[in-house]
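Let's walk through this structure together, going from one residue's surroundings out to the whole chain.

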Amino acid sequence: MERDTLLAQLAARGIHPVQDADIKAIEDTANALRRSAERIAAFVATGGAS
Amino acid sequence: MSVAEAGLAMRRGTLTSRALVAAHLDRIATRDDRIGAFVFIDAEAALAAADAADAALASGIDHGPLHGIPVAIKDLFDVAGWPVRHGSVCFANRMAEADAPAVARLRAAGAVLIGLVATYELAIVGPGEDGLYPQPRNPWNPDHITGGSSSGAAAAIAAGMVRLALGSDTGGSVRSPAAYCGTVGLKPTNGAIPKSGALPLAPTFDTPGAMARTAAEAGLLHAVLSDTSPTALQDGRLDGVRILCARNWAQAPDADPAALDLMDAAASVLSLAGATVITGDLPPLDLMTDAGAILIHAEGLATHAERLKGDGRPMGRMPYQSMAAGAVLTDEDIANARRAAAVFKAQIDALLVDCDALLTPTTLTTAPRFSEFANGQARWTPMCTLPFNMTGHPALSVPMGFVRGLPMGLQIIGPHDGEAMILRIGSAFEQASDHGAFDAFTLPQSNPARVNRIKEMT
């Protein structure tokens, strides 16, 4: 996920991280969540066959 | 002295609740400086409650198995007049005005509330370095974490400072610290225990739960918290009980190989106790964890929306970073995760038609070192707990052995409202093994040679 996209999604909820460490850590977790969401979307698309 | 032994002694007149509570306070005074489990102790109120319990028994009023027994409360549940601050600077000056319903049930059952035990900040993630207080040390090795978020409860029990505590479990917060500390934790069926009066995180996942030294004691505490009758745990035999041992979860890529070895050994013990143990697969752990993580982050973001605004301060950095990331989830992501959760729940329910319980490791490694979280760095600690917050099934963690001197836990999952069965299996396993027979302080002092033998067994 592009950092600008992430910051825009955060800003839409009033979240404005300032420190680089915060942004980097949020980015890591956000990317992990996006990967989880993609796997779950694929799982659901198969009708729940794992 | 077990809860049952203490209760018997009180009823025989050979022990008073005051003496029991005073002994607990003395032990906390001598041990907790090395652990840091308690964040508030109300000795005066505890002794007054003990006196009231003694007076009640003397006048023929008996409130049941917890009458006069000390219980610690996670710093997440309101206790009237206590500084319940959820481990966060956000609540640094907070005083609770009324008892949470779960706490009120403990009082009504005659339990003596002895103090508050630490939580990871806001019961989200840890061990952070910028919460309201330092996180407790693992009594088995102070260089290692306790796990969380019910960190203080597990540490206090493992260190022999209290036998019972009220914890809460949103993704494993009762069971994983119990596993890391060699104690017992019961996440009951979602909805079994009232959760109001505790700080929410993910409301469809949040579950108060009993933490204890033994499964039998967890059963006594759970009965009070859920306003149900205590489970009769029988004689340790499991004849006629069918258990599915989920070896596929213990073989996850990030699992310590010892997790599978210990679970196989536990399965053998349960088989010798009379159970029919079969091996089989659960739905994929990684997919169930994916769905659970999406839902926890979505619900957690909603719960803490106001606190997360701006740069979230004074919230600690670890919970801020974790919860803020939920902003990248879309409505479609959340809907997909709920659909997947329904599928997984149905799959687990189907397995529990033919079996009375499922076995997995509670966590897939022993407790990590504090140094792995230095400078507030979050780290994934692989565990098998989150899926059952999502499906709502009850799950119990009991000690299943030691690896390189640190405990691991066996997770026993039952059907909805099946607490009695998993407590029975857990108790039978305890009776047939000695993994949870000692607290971390007593064992080394009593017989170092035996400690080494027990701690190194795999």
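Two residues are in contact here when they have heavy atoms within 4.5 Å of each other. The model is predicted, so to speak of local features pLDDT must be at least 70, and side-chain atom pairs count only at pLDDT 80 or more, while totals for chains, interfaces and linings use all residues. Residues are numbered from 1 along each chain as its sequence is written, and side-chain values use heavy atoms, without hydrogens and water.

Start at B:Asn389, which sits in helix H14, spanning residues 386-391 of chain B (a helix is a DSSP run of H or I with at least four residues, a strand a run of E with at least two, both numbered from the N terminus). Leaving aside neighbours within four places in sequence, B:Asn389 touches several residues, including B:Asp169, B:Arg175, B:Lys187, B:Asn190 and B:Phe205. With B:Phe205 there is also a 3.4 Å approach, between its backbone oxygen and a polar side-chain atom of B:Asn389. B:Asn389 counts as buried because its relative accessibility is 0%, buried being under 20% relative accessible area with a 1.4 Å probe and protein chains only.

Now zoom out. Chain B has 17 helices and 11 strands. Its radius of gyration, taken over C-alpha atoms, is 21 Å, close to the 23 Å from the globule rule (2.2 Å times the number of residues to the power 0.38) for 458 residues, so chain B is as compact as a globular protein of that length. Buried residues make up 62% of those 458. Of the contacts in chain B between residues at least 6 apart in sequence, 77% join residues at least 24 apart.

Notes: Chains lettered and ligands numbered in written order. Buried < 20%, exposed > 50% of the residue type's maximum accessible area, 1.4 Å probe, protein only. Polar contact = N/O pair within 3.5 Å; in protein donor to acceptor, adjacent residues only side chain to side chain.
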